[in-house]
Each structure stands twice: as structure tokens, then as C-alpha cells.
Amino acid sequence: MGSTELLIMLDRDSGVPLQRQVSDQFAALVRSGRLRPGDTVPASRVLAQQLGVSRNVVLRAYELLRANGFLTARHGSGTRVADSGTTGRTTPVPPTTSRAPLSPQPPRPTDTGEGLWQPWEPPPVQHASHALDFRHGTPALASFPVAHWRQSLNTVLNRADHAMLGYGPAEGSPALRAEIATLVRQSRALDAGPDRVVVTGGATQAMDILVRTLIEPGDVVVIEDPSHTVLRQIFGASRAAVVPVPVDDEGLRVPDIDARVRETGHDPARVRLVYVTPSHQFPTGRVMSRARRRALVAWARERGATVLEDDYHNEYTFTEERLPALAAEPHQDVVVYAGSFSKTLFPALRLGYAILPRPLVRPFLGVKWITDRLTPTIEQEALADFIARGAYARHISRTSRLYRQRRRRLLEALDEHFGAGVRISGESAGLHVLVTLTALRGVAEDEIARRAAAREVRIYPASGYYVQDPPAEPSFLMGYAALTPERITEGVARLAAAARETDLPRPA
């Protein structure tokens, strides 16, 4: 089983030594069942990098854990959780009630002229292939370990038989579902067995199937405002009323949900689905606070609604505190967790997954079966092998360091060229930041984007992601994962030059 990031948070202001904090939290992960007998643990150097401590801290913590019977080290097999380290854990009781499965409905047209449903993308700009493109959502594809991926593919093809080449289970490869269950248990504190994991063609398919499974005519779907336009299209194609609710520094404004729904002429009791991106809100990048998470889960339980947690970019967090998944909260039976490998590996892989409350598994699979029968089997088996051999964990560790460096260079360059004339949101996680050019208030985003494109720089206006109250100042999504520090430096310099071409106050 490949190791991955562990949900360990250190309090450097505490009088408790760091190695004791690491040891105690690690033991708690074992007792809770998030780490289980036989699980491989991160190498001391990898965990030290993750936690921002010296390797000696982790080595001493591992020594304590071995001395107390939580870890065992064997030559050639690495350090693993020992059988004696498990102190027992409670098995969650599945809910006894569920909604009856719903028949899928044909989508309704989305070109009705309503602003909420019109697709929005930046105007097409022709640029040379060497243009400096700050496109968001694009990982560092040049850093993907192609040789290791090819090795996993060859391993799977060499053992392929007629069963593997035929129709597989709609829920996905058992091997991959087991690996996903371990990943989310260790890194997101979400303890769900493989029987609750369904592999999909990307997270977007998971969301589409969930809408078809849950929504009846007259129901209400609540979305974040701002939010991605693709998600608006998915929900807008259903027969539900879609109600945008604003976000603030703590995430979705849960206390505003009922009032916003009533303002649109609908009953809050008809809310069936609430879509959130709590780990890295799109596009603002804000992280939902603990208080809002608890309030949202409590609200959903009271209303009988389901929360859809899109946990994209959760692997890349650049602060010391890393909150568990919303689906790991108490009463998580109201939360559907959606994840994807498109940003961590490569978009063309098109593999995602949903982790479902037990009552939703069968109706969800019923819709998936008539949608695509199965997700491609060979790629699933290769990904399971890639994770199991530790290549996935090593790739996440390498790209985390790489993205941290590129993020720091982007923030430094924006400060160097714009100073007090820029405001940044979302720098604590993810692969993009929301950049607001406060010194250029009154200048149209498209004008700045056009002038930047003339200098072979591509930036992406943010206003189109808002249904209500778009930013008063020009704002842009700037992704940095695919650009080297040198190209980031050059790109921001060209953007600053484009900004100086406007007639309004210049950046400092």
C-alpha cells in the first residue's frame, strides 16, 4: 500500500515537544482506524518535509511509536503499522432510512437567455505557443513521472486476461477502490470502506450522476456564488431551481441559505443538494472554517438535504493547519465526497470518484450503469498499481515542493510590480490565486486581458464566475503550477507593463 500525506497538525506554541506531538497524533490515527495494520507510513524525510520540521523530529517520533508497538520496520518492506498498534475502533452504523431511487430525467435546454445558465469563458485570444499562460487548473505535466506510469501500465497489461478486457463492475476496479479508500482515510480523515467508493469518469461525472439520482422537478439546488461555470451548467440542466448563495472569508454563508431560497420564491424545505468546495473555494480560494462546516452539516441534516463536497486541489495545502474533509465530520451520512486525479496526475486520465452515504450507493450505481456501463478498466488497474507501489505518494510530495516554490515566486513578483495595488485571495491552497488589481478600479477586465495578450500573456477574468455582486475592481484567476519561476517572473512583468498602458492610476 503506497503511503500518502497524513493529517497531522503541529502546535509550535505548545510546550509539548514536536516529536511527542507527531507520535501522539500518529497513535491517534492508528486507534481511530485511519491508519490500519500493514499500512506503509511515509519515509521520515517525506513526513518531515510535509510537516516543516527537521528529519530528526520524525525519526525520534518513529522510535517512540516502534517502542510502543505502533510501528514495525522490516528490511525490504519499509516501516508499516503493526498489528498490535490497533486499539479497536467503532464501526459506524449505517442510516436506516433513505429516499427512494429516482428515475433520471432528460436535461432541459440551457440557452434560455438566463444569465445564470449562459456558458461563460474568456474571449478567445490567438497567441503563440510560447505565450505565458496563467491558465488555472493545469498541473505541471512536464513533471509527471511518465516512466513510472508506463511501468504500471505494462504491469497491468502483462497480467491482463479476458475478464479484465471485458465489461467490469460499474462501481469500478476493486483494487482502485481499495486504494482510494486508504488515501482518503489517511490524508482526509474520511473513514469509508471500498463498498462506498464509486469510480467515475472524473469528478464532473460524479456530480452529474448525483443530480440525476437526487433531483426531482421543483427541488432546489444551492450553489456557491461565485462558482465554476461548468458546475452551473450541470445543475442548470436539471429540473431544479438553482439558488446561488454568497461566500465570505469563512466559506458558504450558511445562515443566508434559507433567506436566499425564499427570495427566489422557493421553499427551503425543498433544498435537496448543496454544492461546496470547502478545501479551496472556486474561484476565491478561501477555506471553509470549522464553524461553517459544522453549521452546514447541521443545516443539511435538519432539512434532509445532501451536501456535495468537491474536494479538488485538497492535496496541495500551503499552511500548517490542514482541516479534515467535510465528509469526515460527525453525521457525515449527509455528505457526498467527490475527488479526482485530473489535477494531481494529468487531465487526460479522466478518473475521479465519489464516496457516498450507504443509502445512495445503489441508486447512484443504477444511473451510472445506464450512463456508461463502466469506467475504462486498464487505466483503473494501472492507477491502483501506481498508488500501491508508492509512485503516487512520491509524485504528490515532489509536486507539493514544486508548487510551493512557484506559488512563492508568483506572490513575490506580484508584490514587486504592484505593491499595495494588488490584493491576493486563495494563496493558502490549490493551484491558482485570485488576483485583484485594486489600483485599476474602473478599468474593464477584458481591456487588461487584451493588453496582456498583446504581450503574449494570458490571464483569466474572474467576474464571469459571479452570479451576483461581481468584484468592483478587475480580478483575474492566475494559475502557476505549469509555469517555471522564470516564466512566472517574466509573465508578471509583462502584465505590469500592460497595466501601465491604461489611462487610470498606475500600480506602485
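Predicted model: local features only at pLDDT ≥ 70, side-chain atom pairs only at ≥ 80, totals over all residues.
**Entry 1**

I then asked how exposed Arg451 is. Its relative accessibility is 22%. Because buried means under 20% and exposed means over 50%, I recorded Arg451 as partly exposed.

Helix α14 comprises residues 445-454 and lies across β15 and β16. Its direction is at about 40° to β16.

**Entry 2: The sheet**

I followed β15 and β16 into their sheet. I noted an open sheet of four strands, in the order β12-β13-β16-β15, with antiparallel pairing. Which strands stand at the edges? They are β12 (423-425) and β15 (460-461). Each has a single partner strand, so one side of each is left without a neighbour in the sheet.

I went through the pairings in sheet order.

- Strands β12 and β13 are joined by three bridges in the antiparallel sense, and I found Ser425 bridged to Leu434 in β13.
- Strands β13 and β16 run antiparallel and are joined by five bridges; here I found Val435 opposite Phe476 of β16.
- Strand β15 pairs with β16 (residues 475-479) over two bridges, again in the antiparallel sense, and Tyr460 has Leu477 of β16 as its bridge partner.

I also examined the hairpin of β12 and β13. Six residues lie between its strands, and Gly426 takes a positive phi near 85° in this hairpin.

**Entry 3: Strand β13**

Is strand β13 mostly covered or mostly open? I found this strand, residues 432-436, mostly covered, with five of its five residues buried.

In a regular strand, side chains alternate between the two faces of the sheet. I checked the directions in β13: His432, Leu434 and Thr436 point one way, while Val433 and Val435 point the other way. All of these residues are buried.

I turned to helix packing. Two packed helices are described by the angle between their axes and the distance between those axes.

I began with α6 (residues 174-188) and α12 (residues 377-388). Their axes come within 8 Å and cross at roughly 40°. That angle makes α6 oblique to α12. I noted the crossing as left-handed.

From α6, the residues Ala175, Leu176, Glu179 and Leu183 take part in the contact. From α12, they meet Gln380, Glu381, Leu383, Ala384, Ile387 and Ala388. I sorted the residues of this contact into seven nonpolar, one polar and two charged.

**Entry 4: Helix α12 and helix α4**

What is the angle at which α4 and α12 pack? I recorded about 120° for α4 (residues 146-158) and α12, with their axes 8 Å apart. The two helices are therefore oblique to each other. Their crossing is right-handed.

On the α4 side, I listed His148, Trp149, Ser152, Leu153, Thr155, Val156 and Leu157 in the contact. On the α12 side, I listed Ile378, Glu379, Glu381, Ala382, Leu383, Asp385 and Phe386. The contact of α4 with α12 divides into eight nonpolar, three polar and three charged residues.

Technical notes: Residues numbered from 1 in each chain as written. Heavy atoms only, no water. Axes fitted to C-alpha atoms, helices over the stretch in contact; angles between N-to-C directions. Parallel < 35°, antiparallel > 145°, perpendicular 65-115°, else oblique. Left-handed = near helix turned anticlockwise from the far one by under 90°. Contact = heavy atoms within 4.5 Å. Nonpolar A, V, L, I, M, F, W, Y, C, P; charged D, E, K, R; others polar. Pairing = 2+ DSSP bridges. Buried < 20%, exposed > 50% of the residue type's maximum accessible area, 1.4 Å probe, protein only.
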